[in-house]
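User: I have a protein model here and would like to go through it slowly with you. Could you help me read it?

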Amino acid sequence: MTEKYPGTVLSARRRWLLLTVVSAGLLLITLDNSILYAALPTLVEDLGASSSEGLWIINAYPVVMAGLLLGSGTLGDRVGHRRMFLIGLVVFGVASLAASFSPTPEALIAARAFLAVGAAAMMPATLALIRITFDDERERNVAIAIWGSLAIVGSALGPIVSGLLLQSFWWGSVFLVNVPVVIAALVATLVLAPPNDADPGKRWDLVSSLLALVALVGLVIAIKETAKTDPAPLVIAAGALAAALGGWAFARRQSRLPYPLLDFAIFRNRAFLAGVLAAGFSMFAIAGIQLITTQRFQLVEGFTPLRAGLLVAAVALGALPTAMVGGASLHRVGLLPIVAGGLALSTVGSVLVLLNFDTHMGLLVTGLLIAGAGLGAAMSVASSAIMGNVPARRAGMASSVEEVSYEFGSLIAVALLGSLMTAVYTATLDLPAGVPDSARDSLDAALALAGEDNQALITAASDAFDGAYFAVMIVVTAVMAVGAVVTGLLLRRHGPGSALSTPTHH
């Protein structure tokens, strides 16, 4: 069986092999989003990074990626998605080498930002290549479900891979592992991918990408500074102003461009909007749960990075079956029960985690599995809702919006929940007499000061961190509940399939 699409014919075997290659690219991208969660305590200690630098080492990647994604999707429409994927792979490989051998926290933050440039070039291309390769809607839904499930696998594998590597190698190995995968994907893409689908008539606007980046960086700075125990009002004001002005200038510029990076009219389609929100809500939950759980069980319970990574892998274990079933059954049951129902199920799982994280390991793992099952269902069809509700000529723009929603969810989770965790810990730590105030900076700092002798400080710091974990899980649970309600309202009139039966709903 063969399928035609612009300028070439692909056999069924070649289509599915190409899906494997672009999914491997996505696996790399999502792996690097989460690979530092379990490695962070080791990395912070070896590089001498502060808690703020530690969060920026993680956040530099999603901030820069989210800022560039809209532009890279439209640029892919112009220069061709095959070419963008290849360029992204090369940049990603070079940046991985730079990150591996970074001598300082600042150098690693810069390398992570460079890594994001490669990821931003690759990510929309992966989904756009699927969109133009798979013409049949049911086949495309299955392909996107596989693609989406690998996003979940990559996110879950990050802490496990870093845990395995850190048992035998230095922290730089968590980046060096990308290089052989990049080389294999480069060769496979050159052999399997269809001819480049460039459209020189499409315009690309660098200024719009930079304005989006300014808005996102400003937002993250404002969130991080607000959560500090001694925040600087000027820094908060500057961050908020940059976010507001960057966002306003971006939106105004889009309305005046003949070929905008983002046509806000596509959000009038309720199924499209529900897909975007579901992707963001899901990644917020996954990133938040993984970030705080891997740290808590290493620092409070004494887990190794590998054991902590295996614990949070329960989220992916729960997600994989529902992700596959969701994509395969979408044409029969529709978006509403899978998206809104999935987010509702994840809320139940989050409540179980919230109530049992420090008392019952079995119920904690059950909660992670249930949360993962709900998130897997929602994520598997969120991409189908987005890509199925735009014309093929908007594939690049739609895939960029989809990726931005994923990255924005991760970004806000790390910025907001990471800062909230630090703020609650600092505010609630009851320091024993004679302990320096620097123990309030982080649990890492308190444990270093305590050594093995000061049990009172270890207990007080662990209790404060558990209080912070509880507060963060309340936020995650509330966000999942809100997501279930909002997507349920948006999809209440939507029937089976990923696309609307009418062109748009206003």
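Analyst: We can go from the whole chain to single residues, one topic at a time.

User: Before we start, what kind of model is this, and how are its residues numbered?
Analyst: This is a predicted model, in which local features need pLDDT of at least 70 and side-chain atom pairs count only at pLDDT 80 or more, while totals for chains, interfaces and linings use all residues. Residues are numbered from 1 along each chain as its sequence is written, and side-chain values use heavy atoms, with hydrogens and water left out.

User: OK, how many helices and strands are there in the protein?
Analyst: The protein has 16 helices and two strands, where helices (H or I, at least four residues) and strands (E, at least two) are DSSP runs numbered from the N terminus.

User: And how much of it counts as buried?
Analyst: Of the 506 residues, 59% count as buried; buried means under 20% relative accessible area, exposed means over 50%, and partly exposed lies in between, with a 1.4 Å probe and protein chains only. The protein exposes about 18,600 Å², of which carbon and sulfur atoms supply 68%, and such areas come from the Shrake-Rupley method with a 1.4 Å probe, counting for residues only the protein chains shown as cover.

User: Which residues of the largest nonpolar core touch the most other members?
Analyst: They are Leu36, Met65, Ile130 and Tyr425, in a core of 151 residues. A nonpolar core is a set of buried Ala, Val, Leu, Ile, Met, Phe, Trp, Tyr and Cys residues joined through side-chain atoms within 4.5 Å.

User: Which helix gives the most to this core?
Analyst: That is H10, which gives 17 residues.

User: And what is Leu36 in contact with?
Analyst: Leaving aside neighbours within four places in sequence, Leu36 is in contact with Leu43, Ile57, Ile58, Arg112, Val174 and Phe175, where contact means heavy atoms within 4.5 Å.

User: Changing topic, how many salt bridges are there?
Analyst: The count comes to two salt bridges, a salt bridge being a side-chain nitrogen of Lys or Arg within 4 Å of a carboxyl oxygen of Asp or Glu. Side chains of opposite charge can pair when their charged atoms come close.

User: Which residues are linked in the network of salt bridges?
Analyst: Arg296, Glu301 and Asp466 are linked in that network. Glu301 and Arg296 meet at 3.0 Å, N to O, and Arg296 and Asp466 meet at 2.6 Å, N to O. The second pair links distant parts of the chain, with Arg296 in helix H10 and Asp466 in helix H16 (residues 455-490), 170 residues apart.

User: Are those residues buried or exposed?
Analyst: Both Arg296 and Asp466 are buried, whereas Glu301 is partly exposed, because its relative accessible area is 40%.

User: What about Thr293, where is its place?
Analyst: Thr293 is in helix H10 (residues 270-299), and it counts as buried because its relative accessibility is 1%. A polar atom of the Thr293 side chain lies 2.6 Å from the backbone oxygen of Ile289. Not counting residues up to four places away in sequence, Thr293 touches Leu311, Val312 and Tyr469.

User: Tyr469 is there too, so which ring does it pair with?
Analyst: Tyr469 pairs with Phe357: the ring centres are 4.5 Å apart and the planes are at 35°, so the pair is tilted. Phe357 lies in the loop between helix H12 (335-356) and helix H13 (361-387) and Tyr469 in helix H16, so the pair ties together parts that are 112 residues apart in sequence. Phe357 is buried, with a relative accessible area of 6%, and Tyr469 counts as buried at 0%.

User: How many aromatic pairs are found in the whole structure?
Analyst: The search finds four; rings of Phe, Tyr and Trp (its six-membered ring) pair if their centres lie within 6.5 Å, and planes under 30 degrees apart count as stacked, over 60 as edge-to-face and the rest as tilted.

User: Last one, where is Gly349 found?
Analyst: Gly349 is found in helix H12 and counts as buried, at 0% relative accessibility. Leaving aside neighbours within four places in sequence, Gly349 is in contact with Gly367, Ile370 and Ala371. Gly349 and Gly374 are 25 residues apart in sequence and 8.2 Å apart in space, C-alpha to C-alpha.

Definitions and conventions. Polar contact = N/O pair within 3.5 Å; in protein donor to acceptor, adjacent residues only side chain to side chain.
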